[in-house]
Amino acid sequence: MFSLALTTSPSSVTVESKMAAPTEFDFSVACASFQNVVQKAVDNNDPDQCFTFVESYCGNEQEKKAALDQAIRDVLRHMIVLDQGCDRYKQVIGLVVQAVLKEMCSASTPIIMLSDVFDMLVLADCEVMFNFVEDGVSTWKAEPFFDAGKNYLLRMCNALNLMSQFNVENITEYDKKPSKIPVKQEKMEVEDGEDTAANSIVIDYNLYCKFWSLQEFFHKPTQCFDKAHWRIFLMHSDEVLGAFSSYKLDDLVSQRKKLARRDDQSHNFFAKYLTSEKLLDLQLSDSNFRRYVLVQFLILFQYLTSPVRFKSATQMLSEEQTQWVKTSEERVYQLICETPPSGDKFADTVKHVLQREENWNAWKNDSCPSFEREKAKEATKPKSRPKKRRIGDDLQVSGGKIIKMGSEELTRLWNLNPDNMDACRSEKREFMPTLEEYFANAIEQNDPEAMLEEQYKDINNQNFQWKGLRLLARRSPHFFLHSNQPAMPLPSYLELMISKIAKEMPAHGTEEMKTQVGEEEEDDMKEPQEDEENGEEHEQNDKEEVNNLITRDQMVALGRQLGDNWRKLATELGFGGEDIADFEELPDEETKLPGTKMIFLWQDMDKENRVQALKDALKEIGLSSITESVFGSS
């Protein structure tokens, strides 16, 4: 808030006492005198009274202008302290506008005074004053206010969030402990002949916890640039979007809900949903609730991939992360289109809004250039040169007739498209393959079981080598990694890269390159089980999943009792040195313990027999006593 010092109240100095103008200009005395006369001019609604006094006061124009600027701001501040109302504030600002037009005040003073008003008033009064600002747009766009105050006005309108900060105080609270509510398997109403498995989903504490934990990333997206947080966000997002895909809504259900309540467009509001575990199955059936969550995903994706001026250099996604965001964005739009009513129309509307946001973001990144194009002066216009005639123009004029270029191949290439630039921008020219597609054959050849001679391998083909290096430079992060060996033969280098790509392919959700024929034949010979047996086995697995879940209290107790031994446990659980360093830099937000965060992340990554696996790990490092104190004797 802008602080102003007022040593004398506006009524402490009378006009009569100052009529005898001093021989020398004193800034503090002039401010006190001007405060008094401005106050009287506002009370009597007579601005000329103030202007006449200022003109007759001693001093040069610059000194009197500076004193009047400060005096009017002091009067306005005094009115706000006494809470005299928005009408009085408007009257003072109207007086200073007239003073600017008479060249008695600085042109930026009215905008600065408005900024003072918004810093000191409550929201209700700020709304009234902002309407006053909007009503006076013609004034602020006129000379001399526009050139002097446009930057002040822009900063004032953006003052609520100038640095694009996030509202981290908006925390969504949910149950961190699993309840005793039985696991539900929701089934949607389907027509005869439809597959009921596609419209069913098991709603348990695991899904509930992962669903609401995503709100932590939505209200603070910068967490996604941390490696450990990104892995949690990726796993939780995939599971939640998979739940939406399995839990379809139809127009009949939506229509019944729509008829149950009157659709009054004049009473729109933004809901703050309850986070009870008992309500999740009902919320997933609500199309509005689903749209809110899916749009949150799209807003987050746009922030992560768009260039934002206030992002730091480290807040960038890798190529792999960017590809996942792109795939997930398409998946979210597909889910919005499938959400009734009018899913396609709603999806188009969301795309349009986000596209406009990208345009505004690009405009702000370019330091807010003017929308108006400057008209070039007639004298500076260059003389137009005769346009050269191209063969493509002849092709367009000829109505599509083939133009001979003197060579069969040149003739074919030229007549593909009369406009060379359009031909270069054609989508058909986007033919860069993925790493898996290009190196699939080479990976199979690199398998020792293939028993292929070196001379017949693709990595020894010069054409394959050249294309492979270009593709690695565009799509693989391994291409830029530092190597202890400064130079190696090109086939050896490609063989090293192929082995790394082959190791990553199963982890990225692609099909494994090797399969065991015996296992495939054995699976084909298995007879399908009955539906009832599948249902009982699935229910039993869900119960075991809940029993094997480590609670939040147990994580906290483990983190405290482990102390510095958490590093040994992290190594035993399979975490590397880089992950351990991440836990030390970013410990658990609630307990400030790196061990608690490590156990929380490990539980999300390890899907089977969590409690028993943790007990075995503690036993291996000689900490069985901690097991008994946390989990009890078993």
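Predicted model: local features only at pLDDT ≥ 70, side-chain atom pairs only at ≥ 80, totals over all residues.

Me: Where is aspartate 83 placed?
Reply: Aspartate 83 is in the loop between α4 and α5 (86-101). Helices are DSSP runs of H or I, at least four residues long, and strands are runs of E, at least two long; both are numbered from the N terminus.

Me: Why is aspartate 83 called exposed?
Reply: Its relative accessible area is 56%. Exposed means over 50%, buried means under 20%, and partly exposed is in between (1.4 Å probe, protein chains only). Aspartate 83 therefore counts as exposed, at 56%.

Me: Which other residue has a positive phi although it is not a glycine?
Reply: Asparagine 45 has one, of about 55°. Asparagine 45 is in the loop between α2 (27-44) and α3 (47-56). Its relative accessible area is 59%, so asparagine 45 is exposed too.

Me: How do you know that the reach of α4 is close to what is expected?
Reply: The expected span is 1.5 Å times one less than the number of residues. Helix α4 (residues 61-81) has 21 residues, and 30 Å is expected. From first C-alpha to last, α4 reaches 30 Å.

Me: What reaches to the backbone nitrogen of glutamine 62 at the start of α4?
Reply: A side-chain oxygen of asparagine 60 does, to within 3.3 Å.

Me: What makes α10 mostly covered?
Reply: Of its 15 residues, 14 are buried. For the protein, buried residues make up 35% of the 634 residues.

Me: How many disulfides does a search of the whole structure find?
Reply: The search finds 0. A disulfide needs a pair of cysteine sulfur atoms within 2.5 Å.

Me: Why is the sulfur of cysteine 105 too far for a bond?
Reply: The closest cysteine sulfur, in cysteine 50, is 7.8 Å away, so it is too far for a bond. Cysteine 105 has a relative accessible area of 3%, so it is buried. Cysteine 58 also counts as buried, at 16%.

Me: How do the axes of α20 and α21 lie?
Reply: The axes of helix α20 (residues 435-446) and helix α21 (residues 462-475) come within 11 Å and cross at roughly 145°. Among the residues in contact are Leu435 and Tyr438 of α20, and Phe464 and Leu471 of α21. Contact means heavy atoms within 4.5 Å. Axes are lines fitted to C-alpha atoms, for helices over the stretch in contact; angles run from 0 to 180 degrees between N-to-C directions.

Me: What does leucine 274 touch?
Reply: Leucine 274 touches Trp212, Leu279 and Gln283, not counting residues up to four places away in sequence. Leucine 274 is in the loop between α12 (251-260) and α13 (280-284). At 59% relative accessibility, leucine 274 counts as exposed.

Me: Which peptide bond is cis, with omega near -5°?
Reply: The one from proline 340 to proline 341. Proline 341 lies in the loop between α15 (319-337) and α16 (343-365). A cis peptide bond also joins glutamate 143 and proline 144, with omega about 0°. Proline 144 is in the loop between α8 (137-141) and α9 (145-157).

Terms used:
Residues numbered from 1 in each chain as written. Heavy atoms only, no water. Polar contact = N/O pair within 3.5 Å; in protein donor to acceptor, adjacent residues only side chain to side chain.
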